[in-house]
Amino acid sequence: MSAGRTLLGKYPDVDSLFGAARKLRGDGAGRLNFYSPFPLEGAEEVLGLRKSPIPFIAGAAGFTGVVSAVLMQWWMNDVAYPINVGNRMAVPTPTWVPIMFELGVLLAGVSIFMGLMALFRFPQPYSPLSEVEAFRSATVDALWLSVNVPAADVERTSDELRRLGAVDVQLVPEVA
Amino acid sequence: MTPPAASAVHRDPLAETPLILGHPSDLQVNDALLKPILDPNRGWKVLAGLAAAGTGLLVLGITVTLARGIGMWGNNQPVGWGYGIINFVWWIGIGHAGTLISAILLLFQQKWRTSINRFAEAMTIFAVMQAGLFPLIHTGRPWLAIYWLFPYPNTMGIWPNFKSPLIWDVFAVSTYFTISLLFWFIGLIPDLAALRDSATSRVQRMAYGVFALGWRGSARHWHHYKIAYLILAALSTPLVLSVHSIVSFDFAVSQLPGWHTTIFPPYFVAGAVLSGFAMVLTLMIPTRKAFRFENLVTERHLENMAKVMLVTSMIVSYGYLLENFMAWYGGSAYEAHLFFKTRLTGPYAPIYFMMIAFNVLVPQTFWWKRARTSLTWLFIASILVNVGMWAERFVIIVVSLHRDFLPSSWGMFFPTWVDWSIYIGTISFFSLLFLLFLRFVPSVAISEVKELNHEMRHGQAGTGGHA
């Protein structure tokens with residue numbers, strides 16, 4: 001972490017939360033984030049987030065699964081240990097389809113989970129945010145906004161958060 | 001149940017009942033849904049003790065089977081697939097409702113799924129666990145069966161036969177289990193975090209904190225999470241259709257009358273959904289009462305499930321009808337004999353008529369709103385349907401096998417005490433897992449209910465899921 005500090009502001013509703021974020025972003029504030037018990041419609045746009053790479057990860061992994069299913073079945077049943085069932089054609093056969101489908105889905109699904117873990121940098125059992133007792137409400141029933149500010153600006157930005165409608169403002173403690 | 005606050009006001013009789021009654025705040029939703037975990041009641045221990053004792057039967061049955069061999073079961077020639085496969089198909093089928101509710105209803109934007117999806121997904125995972133046990137023990141010596149089930153380089157240089165539906169089954173069931181587990185766990189992460197942050201004891205905070213993986217509801221995380229959840233739903237939808245289709249291939253690709261039919265895949269999938277919804281009702285009706293979830297799992301939810309059962313029961317009935325039509329129209333003497341002699345007048349005829357009564361006739365009562373909204377009848381009907389679906393698998397497997405082409409090789413099947421103890425053991429083990437789930441994990445998707453609650457308060461249309 002840089003020398004900056006993180007300020008948390010609790011907002012009573014989505015409109016004031018988004019309003020505050022838009023204002024802060026317009027003023028060129030540091031990195032902003034929301035914390036909420038459920039996903040907020042439109043948060044991506046307010047925060048200016050880029051498209052998630054998850055669909056690409058899932059697609060690539062699914063494709064890998066399908067291709068490896070073809071290669072696996074072809075090599076195992078037609079090259080390494082040929083099995084002739086009812087003299088049906090060896091390559092490419094409709095009997096490959098179920099395994100192609102299952103392996104594609106399996107790899108896509110597992111990669112989505114792994115992809116999420118990598119993007120979130122999870123598991124992350126400790127975060128300085130856990131030090132703020134009031135912030136526990138972020139997963140229960142409250143909407144929080146976080147902003148990174150230089151140490152000198154803490155006072156000024158706290159006032160700004162309050163002026164923009166925050167009902168509670170907390171400073172995340174510095175942890176070595 | 002407590003009357004909703006809105007019922008005092010005159011409502012449009014054609015308007016649907018709201019999915020959440022009584023306008024609770026997010027904190028009230030949170031506390032109501034976490035209460036069974038943070039402040040449990042005593043009845044749980046009694047039930048869990050019973051289920052654990054029943055699980056002992058499972059351990060006993062498996063031990064006897066492994067020690068003395070598969071001859072301890074009732075199956076023999078000509079009925080080589082007895083309880084092992086009946087129960088496998090039955091349990092796998094039950095699992096299907098979970099994926100249907102969580103994935104297919106999410107894609108169709110059916111908001112009523114929100115209060116019941118977590119519950120149904122847990123049921124899926126536990127049911128698939130029971131199902132997987134049966135074929136595994138049925139191999140007799142599972143540790144010697146691995147080389148023809150899983151492709152791994154073994155010293156014999158042999159690879160599995162990928163043209164066999166039994167191998168497809170291994171891949172389908174293991175993929176289904178893995179994806180269901182991931183879908184369930186990803187859905188659970190925000191709720192585990194809510195649990196971590198609502199818990200007061202240090203042990204609970206630590207334990208749930210470990211499983212919450214560090215979730216704090218960050219918008220940057222929700223952003224990836226929403227799309228991940230949606231894609232997993234899109235993957236699970238064809239997956240759930242594929243699993244029971246592939247299970248039905250185990251039968252349909254053989255030449256045996258009663259198995260050799262092309263209607264099997266859709267008819268198996270519909271039957272699976274029917275039994276799965278029945279099982280959700282069986283479990284949900286007592287749970288919502290014990291946990292006082294009536295405002296979140298409303299009568300409308302139960303009524304909708306009854307409607308799904310009515311539809312799938314009619315698809316199953318169509319399957320029965322078409323099987324019989326094909327037996328007549330196809331002109332095969334063996335098939336005609338099975339459908340019009342053996343099933344109707346053979347030694348297992350009562351089981352056949354039980355199947356018709358419970359799967360075809362019982363759900364027909366759901367045309368009436370009174371039947372769909374009576375908790376007692378829903379509960380009884382849901383159990384009858386599951387008995388009926390078990391009878392269906394008995395009819396397909398045992399009745400088809402016990403009298404095949406040559407009368408000289410006809411024979412009977414009688415289950416042994418080992419068959420029964422394994423079957424009852426899996427029901428107990430399933431109940432035990434379910435009770436543990438109810439006790440330690442949020443059984444309703446809290447973050448989704450909060451989202452729905454938020455949408456309802458602001459009158460906006462949304463998806464009702466995280467997508």
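**Exercise 1. The second largest pocket**

Task: For this predicted model, determine how the residues lining the second largest pocket divide by class, and which element supplies the largest share of that lining.

Solution. 
Step 1. The lining of the second largest pocket consists of 23 nonpolar, 7 polar and 1 charged residues.
Step 2. The space in this pocket amounts to about 820 Å³. Among the 31 lining residues, those closest to its centre are B:Thr282, B:Leu283, B:Pro286, B:Phe430 and B:Ser431.
Step 3. Two or more residues each are given by the chain B helices H2 (43–68), H3, H9 (264–290), H12 (349–361), H14 (375–402) and H15 (417–440).
Step 4. H15(B) supplies the largest share, 9 residues.

**Exercise 2. The largest cavity**

Task: State how many cavities of 30 Å³ or more the structure holds, and identify the residues that line the largest cavity.

Solution. 
Step 1. There are 3 cavities of 30 Å³ or more, and the largest cavity holds about 50 Å³ of space.
Step 2. From chain A, its lining includes A:Ser36, A:Pro39, A:Leu40, A:Ala43, A:Glu44 and A:Leu49. From chain B, the lining includes B:Ala219, B:Trp222, B:His223 and B:Lys226.
Step 3. Helix H2 (43–47) of chain A and helix H8 (219–252) of chain B each contribute at least two lining residues. The largest share, 4 residues, belongs to H8(B).
Step 4. Sorted by class, the lining has 6 nonpolar, 2 polar and 2 charged residues.

**Exercise 3. The second largest cavity**

Task: Find the volume of the second largest cavity and the class composition of its lining.

Solution. 
Step 1. The volume is about 40 Å³.
Step 2. The lining is formed by B:Gly98, B:Thr99, B:Ser102, B:Glu121, B:Thr124, B:Ser180 and B:Phe183.
Step 3. The classes are 1 nonpolar, 5 polar and 1 charged.

**Exercise 4. Strand E3 of chain A**

Solution. 
Step 1. Within E3(A), A:Val149 stands opposite A:Arg5.
Step 2. A:Tyr35 has A:Trp144 of E3(A) as its bridge partner.
Step 3. E3(A), residues 143–149, is mostly covered, with 6 of its 7 residues buried.

**Exercise 5. Backbone exceptions**

Task: Locate the cis peptide bonds A:Phe122 to A:Pro123 and B:Gln77 to B:Pro78, and explain why A:Arg121 and B:Arg292 count as exposed.

Solution. 
Step 1. Most residues other than glycine have a negative phi, and most peptide bonds are trans.
Step 2. The bond from A:Phe122 to A:Pro123 is cis, with omega near -5°; A:Pro123 belongs to the loop between helix H4 (97–120) and E3 of chain A.
Step 3. The bond joining B:Gln77 and B:Pro78 is likewise cis, with omega about 0°, and B:Pro78 is placed in the loop between H2 and H3 of chain B.
Step 4. A:Arg121 has a positive phi near 55° and is found in the loop between H4 and E3 of chain A. A:Arg121 counts as exposed because its relative accessibility is 66%, the cut-off being over 50%.
Step 5. B:Arg292 has a phi near 55°, also positive, and is found in the loop between H9 and helix H10 (299–330) of chain B. B:Arg292 is exposed because its relative accessible area is 66%.

Note on methods: Residues are numbered from 1 along each chain as its sequence is written. Chains are lettered from A and ligands numbered from 1 in the order in which they are written. This is a predicted model: local features need pLDDT of at least 70, side-chain atom pairs count only at pLDDT 80 or more; totals for chains, interfaces and linings use all residues. Side-chain values use heavy atoms; hydrogens and water are left out. Buried means under 20% relative accessible area, exposed over 50%, partly exposed in between (1.4 Å probe, protein chains only). Two strands pair if DSSP finds at least two bridges between them. On a 1 Å grid over the protein atoms alone, a cavity is a set of points where a 1.4 Å probe fits but cannot get out, and a pocket is an open set with protein on both sides within 12 Å along at least five of seven lines; lining residues have an atom within 4 Å of a point. Grid points are joined across faces, edges and corners, and a volume is the space filled by probe spheres set on the points. Ala, Val, Leu, Ile, Met, Phe, Trp, Tyr, Cys and Pro count as nonpolar, Asp, Glu, Lys and Arg as charged, and the others, Gly among them, as polar.
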